[in-house]
Amino acid sequence: MNLIDVMERFPDQETCISFLEHVRWNGNPKCPHCESRKLKRREHETETGRIGRWNCQDCKATFRVLHGTLFHGTKIPLQKWFLAISLIVNAKKSISSYQLQRDLNLNQKTAWFMRVRIQAEMATKQGSILLKGIIEADEAYIGGKPRHENKKEDRISHPRGRGTTQTAVIGAVERGGQVVAEIAKGLTGRDIYDFIRRVVNVKESELMTDEYHAYRTLASDMKHNVINHSEQYVEGDTHTNTIEGFWSLLKRAWYGTHHHYTTDFTPLYVAERCYVYNNRHRDNIFWKFLRDSI
């Protein structure tokens, strides 16, 4: 859903609240505190903006449909939240908080807060994915300064690959399916073994990797094919081009949009790119995200 569609479909706070109530309760609201159905809607408090409040006749609590959701406690109009979600899920190379600030007429700290909460919501949707089939696994490195290939001193001071000090991200992708990626705790054989066993159904899968020796720990658990990148990049069906394509999207978001990831928040940027990638075949990611977040 693009920005014009969002603004036409959700022109005001009341429309947004009504939609979220329909998604969450489908005409049968209940108290989030005691789960009672004995509720009474309060009169609209339009002057204070506290639209859509309910009173529970059992526990005497007051609440809104936003309770316990991504939008809990927010004072930002829901229309702006919906617009921010639309911008983020439709941005191929992500979007910065400064761009959200300009597009939504917010201050930068508010835009940053909204983006982080949306990313965190995306991260919670990644935990139950179990890949199977032909699986490609690899690592990527994020951060640091771009190096110039024609300068020897730059290649020495900013090495690539496993010799770098950049943040390591490990990932696995099901060909034609979903991807799981996260900040690597380490890249030892044990670290990689634990990651693959956690996110892949090894009994129903076949693993494709490069020649990195740490992947050999999985040889006794599942079929493992290796492509030697020093010699070739594709040998029949053996390649890691799918996961390399995902790394390209992740790095384009860094190079082209954000330019810098702090260590504490790098997992959220990775989760955002995973969520968008995993829903790439959907006609409208916006609706799925809203329905999953309420």
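1. Glu 35 is exposed, with a relative accessible area of 55%, where exposed means over 50% relative accessible area, buried under 20% and partly exposed in between, using a 1.4 Å probe and protein chains only. Glu 35 sits in the loop between α2 (13-25) and β1 (39-41), and although Glu 35 is not a glycine, its phi is positive, at about 65°.

2. This is a predicted model, in which local features need pLDDT of at least 70 and side-chain atom pairs count only at pLDDT 80 or more, while totals for chains, interfaces and linings use all residues. Residues are numbered from 1 along each chain as its sequence is written, and side-chain values use heavy atoms, with hydrogens and water left out.

3. Ser 94 belongs to the loop between α3 and α4 (97-104), and with 8% relative accessibility Ser 94 counts as buried.

4. On the overall make-up, the protein has 10 helices and 10 strands; these are DSSP runs numbered from the N terminus, helices being H or I of at least four residues and strands E of at least two. The C-alpha atoms fill a box of roughly 70 × 45 × 30 Å along the principal axes, and 47% of the 294 residues count as buried.

5. Among contacts between residues at least 6 apart in sequence, 62% join residues at least 24 apart, a contact being heavy atoms within 4.5 Å.

6. Leaving aside residues up to four places away in sequence, Val 89 touches Met 122, Val 276, Ile 285 and Phe 286. The C-alpha atoms of Val 89 and Arg 280 are separated by 9.6 Å, with the two residues 191 residues apart along the chain.

7. Which helix packs with α5 (residues 108-124) at an angle of about 60°? The partner is helix α9 (residues 266-278), and the two axes lie 8 Å apart; axes here are lines fitted to C-alpha atoms, for helices over the stretch in contact, and angles run from 0 to 180 degrees between N-to-C directions. The residues making this contact include Arg 115, Val 116 and Met 122 of α5, together with Leu 268, Tyr 269 and Tyr 275 of α9.
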